[in-house]
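Let's take a walk through this fold, one piece at a time. Keep the structure open beside the text and follow along.

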Amino acid sequence: LLRADFADLYRGAKRRGLSPSVLTNGRLVDDSIADLFHELPPRQVSVSLYGATAETYGSFDEMMAGIQRLADRDVSLGFKTVLLRSNYHELEQMQALAQGFGHELLVDAEITPALDKDTRGLCERLDPETIVEIEMQTEGKRDAYRESYERLASSPVNPKLFDCAAGLRNVHIDATGGAQPCASATGFVWLLDPCDLRGSFQRVFYEDILRAVQQVGDGDFPCGNCRLRALCGSCAVARELEAGSARLPCQFGCQIAQLRARALGLDDTLPAGAAC
């Protein structure tokens, strides 16, 4: 919404049959934008909450005004937050805010270095103990982790560097026409041909990206056969950013996985020495 031509871009996307989702913090949703979404409904407007008071989030009042404009026009809404040291004390209030509009709040507390490996943002990252404590108090989280663990516990060892859906069920295309497995996988980018979009997309998605995400972690790749991989939030990109290589364990992710295992009563599955 920072772009002056947003409305033109959005209308163009709708005319081409796309079903856009809009991610916003809500503060720039004025009457003209809200009217646009009422006229041409998006799949969803996903609002990021950074606090539940003006003291914690300085743009809180502007955000609430934008959310209310969307709600008044029956625009499909969603709510999410990244828990930070400066806002996690307002988690219950943020959850209540989302529920007041008829939605559950999606919560994420895992922060990685920036894509250029700048680590300054990690000062806002909660410690592993706090993250897991919050998770285990969140409805459905405990059962979801246990189900995921039990599903993968009996599955074959997975030596692939990418163990998520990136590049398999979805692909990210940036503003320059570069296609990559996900928005964060900046080391795997293929440019689409503007003169042959369909052909180049099929080639990139079904050949180049597929080959990339199916890479096997040759040699010393401890994450490939880790018994706690279902409880670890570290993906290939996160390991690359934090450990310097997709083949190396991310110690922060290891700590998270171990604490989740203990919280679920799976202590007997912990690696010897309590460190991956």
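Start at Ala179, whose bridge partner in strand E7 is Trp190. That bridge belongs to the pairing between strand E6 (residues 178–180) and E7, which runs in the antiparallel sense over 2 bridges. Strands here, like helices, are DSSP runs numbered from the N terminus, with at least two residues (E) for a strand and at least four (H or I) for a helix. Two strands are called paired if DSSP finds at least two bridges between them. In general, strands of a sheet pair through backbone hydrogen bonds, either parallel or antiparallel.

A word on ground rules: this is a predicted model, so local features need pLDDT of at least 70 and side-chain atom pairs count only at pLDDT 80 or more, while totals for chains, interfaces and linings use all residues. Residues are numbered from 1 along each chain as its sequence is written, and side-chain values use heavy atoms, with hydrogens and water left out.

Thr176 is exposed, at 63% relative accessibility; the cut-offs used here are under 20% relative accessible area for buried, over 50% for exposed, and partly exposed in between, with a 1.4 Å probe and protein chains only. Its side chain makes a polar contact of 2.8 Å with the side chain of Asp174. Such a contact is a pair of N or O atoms within 3.5 Å; within protein, one must be able to donate a hydrogen and the other to accept it, and residues adjacent in sequence count only if both atoms are side-chain atoms. For a sense of scale, the C-alpha atoms of Thr176 and Met64 are separated by 33 Å, and the two residues are 112 apart along the chain.

E1 pairs with strand E2 (residues 44–49) in the parallel sense over 4 bridges, and Thr24 has Val47 in E2 as its bridge partner. Together with helix H2 (residues 31–39), E1 and E2 make a right-handed β-α-β unit. Right-handed means that, with the strands pointing away from the viewer, the path from the first strand over the helix to the second runs clockwise.

What about the aromatics? The whole structure has 8 aromatic pairs. Phe162 and Phe188 have ring centres 5.4 Å apart and planes at 80 degrees, so they pair edge-to-face. Phe162 lies in the loop between helix H6 (141–153) and E5, and Phe188 in the loop between E6 and E7, so this pair ties together parts 26 residues apart in sequence. Phe162 is buried at 7% relative accessibility, whereas Phe188 is partly exposed at 26%. The rings of Phe201 and Phe205, by contrast, are stacked, because their centres lie 5.6 Å apart and their planes are at 10 degrees. Both sit in helix H7 (residues 197–213), 4 residues apart, about one turn of the helix. Here Phe201 is partly exposed at 27% and Phe205 is buried at 13%. For the record, rings of Phe, Tyr and Trp (its six-membered ring) pair if their centres lie within 6.5 Å, with planes under 30 degrees apart counted as stacked, over 60 as edge-to-face and the rest as tilted. Phe6, Tyr10 and Phe37 form one aromatic cluster.

Asp74, in the loop between helix H3 (60–72) and strand E3 (77–82), has a positive phi near 60 degrees without being a glycine. Asp74 is exposed, at 69% relative accessibility. Lys117 also isn't a glycine, and its phi is positive at about 70 degrees. Lys117 sits in the loop between strand E4 (105–108) and helix H5 (128–136) and is partly exposed at 40%.

Finally, how many disulfides does the structure hold? The count is 0, taking a disulfide as a pair of cysteine sulfur atoms within 2.5 Å. Cys195 is exposed, with a relative accessible area of 76%, while Cys226 is buried at 16%.
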